[in-house]
Amino acid sequence: MNQEKHTEEGLRQQEFIAKMRKIAEKKEKALGRKLRFHIETFGCQMNARDSEKLSGILREIGYVEEAKEEQADFVLYNTCTVRENANLRIYGRLGTLNSVKKRSNPGLKIAVCGCMMQEPDEVQTIREKYRFVNLVFGTHNIFRLAELMYRMETEERMVIEVWEGTDEIVEDLPAVRKYPFKSGVNIMFGCNNFCTYCIVPYVRGRERSRNPLDIIREIEQLSKDGVKEVMLLGQNVNSYGKTLPEPLSFSELLREVEKVPGIERIRFMTSHPKDLSDDLIEVLGSSEKICSHFHLPLQSGSSRLLEKMNRHYTKERYLEIVEKLRRAVPDISITTDIIVGFPGETEEDFLETLDVVRKVRFDSAFTFIYSKRTGTPAAKMPDQVPEDIVKDRFDRLLALVQTIGQEVSGRDVGRTLPVLVEEQNRQDPHMVSGRLSNNTMVHFKGGTDLVGSIVPVKLIESKGFYYIGELSE
Ligand code: SAH
Ligand code: SF4
Ligand code: F3S
């Protein structure tokens, strides 16, 4: 897509922001107070970043105060549909919200967006059974929030806009960051991998990489605004740039990000093992800024199942990558995602997964029970594993993952390491909490003046998954 198109759409949305601001001003006068909003985000970092963009637009319109659902004038649920229980939760929450609206907040406007809304059946359910919802939109329509809200205010019915896909990337949207000192940065959207269990490619569309110049420009601006840590976001960052008019690899992009002054920490999410290049490992080894944490989803340790999952690597290849990562960055923390109970999983397959967990010794792992997603190839596979067997395997996996996690995560006790201080400690106001380069949390005595800075902290005691430390001068 060409640059002009982006600006044209950007300008169009600015016009709707202005129109909505007038409506918001009227509401404000009638209420005699500022307008309040509530955004709730479900799912992954992609959704979290989308929500920052959505709140950026809301603030420009005049919704300036964040509030609880009961007190808000506009509530937006940004949904996830990666596993079924995510969907069930949304419907539960919408039910509660409806009684709030009826009981005490009749002016409340309700919107639902995100991945779940990309599924026609779910939109149909909302249309039929949740008629009090005012606005529904999908993952490709985020940048049109102002226009959609304008329609919501001027049309007397539920407004629904869900595009099936898009190749458009709109730049220069306002965004409000949750933390002033760290920020997610989208480097690509969508996914082309079609792992057979996964709904994401269907709800996020085809893989599109952002122009590297736009990415660097955004990071430079973030740095000027005081951001020290960036998290580069994509469903498969290792395949970044392959479809650009002038291809540029992920490792080349990392080298460019590394040059941005003021940025001190670089993270990224998610790496797919199949596209992980030796060049990337080399960049990790030589970089001053890339954090010593690597999230490398395994999904299964059985090569037979990995093939059925369409993952394009084997158990051996996975272990080889881990070895290379550790050779390049000896104290790197490795974390992962694992699915239990994929169709056809035998006890033998499962034992292969446990074997990889024992060999790699992950710092931590997100473990998931396989969830059947309608429309994905795995949903139609024979031999869906019975619930009781899956539950038993899940418990065994979790126990192993936790035992190993506790053993490895205390390994830095006694060392003094840099911590990016994130916030005042939630339990003890005399303490602050922050993260090591490897993403482990550290709590230590200190004032809120430290929030946002990187300071040396001596790690005194390991508490399993976090440390208690001491500020070192
Ligand atoms: N793009 C990332 C993951 C995105 S989804 C990657 O390729 O790793 C996050 C995690 O949810 C996945 O890693 C997977 O472990 C899990 N997941 C996805 N679909 C699932 C399903 N149908 N059932 C259970 N877990 C699933
Ligand atoms: Fe889903 Fe696979 Fe794409 Fe990750 S790489 S989002 S698991 S299809
Ligand atoms: Fe969920 Fe969508 Fe992310 S389905 S995991 S929020 S891309």
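**Exercise 1.** In which sense do β12 and strand β13 (residues 333–340) pair, and over how many bridges?

*Solution.* This is a predicted model, in which local features need pLDDT of at least 70, side-chain atom pairs count only at pLDDT 80 or more, and totals for chains, interfaces and linings use all residues. Residues are numbered from 1 along each chain as its sequence is written, chains are lettered from A and ligands numbered from 1 in the order in which they are written, and side-chain values use heavy atoms, with hydrogens and water left out.

Step 1. Strands are DSSP runs (E, at least two residues), as helices are (H or I, at least four residues), and both are numbered from the N terminus. Two strands pair if DSSP finds at least two bridges between them.

Step 2. β12 and β13 are joined by three bridges, in the parallel sense. Within this pairing, Thr335 of β13 is the residue opposite His295.

Step 3. Both strands belong to an open sheet of three strands with the order β12-β13-β14 and parallel pairing. β12 and β14 (364–369) are the edge strands, each pairing on one side only. From one strand to the next, the twist averages 15°.

**Exercise 2.** Identify the residues that line the largest cavity, and classify them.

*Solution.* Step 1. On a 1 Å grid over the protein atoms alone, a cavity is a set of points where a 1.4 Å probe fits but cannot get out; a pocket is an open set with protein on both sides within 12 Å along at least five of seven lines; lining residues have an atom within 4 Å of a point. Grid points are joined across faces, edges and corners, and a volume is the space filled by probe spheres set on the points.

Step 1. The structure has one cavity of 30 Å³ or more. Its lining consists of Phe268, Met269, Thr270, Ser271, His293, Phe294 and His295.

Step 2. Ala, Val, Leu, Ile, Met, Phe, Trp, Tyr, Cys and Pro count as nonpolar, Asp, Glu, Lys and Arg as charged, and the others, Gly among them, as polar. The lining therefore divides into three nonpolar, four polar and no charged residues.

**Exercise 3.** Describe the lining of the second largest pocket.

*Solution.* Step 1. This pocket has a volume of about 670 Å³. Among its 30 lining residues, Lys53, Val170, Asp172, Leu173 and Glu218 are the closest to its centre.

Step 1. The helix α7 contributes the most, with five residues. By class, the lining holds nine nonpolar, seven polar and 14 charged residues.

Notes: Axes fitted to C-alpha atoms, helices over the stretch in contact; angles between N-to-C directions.
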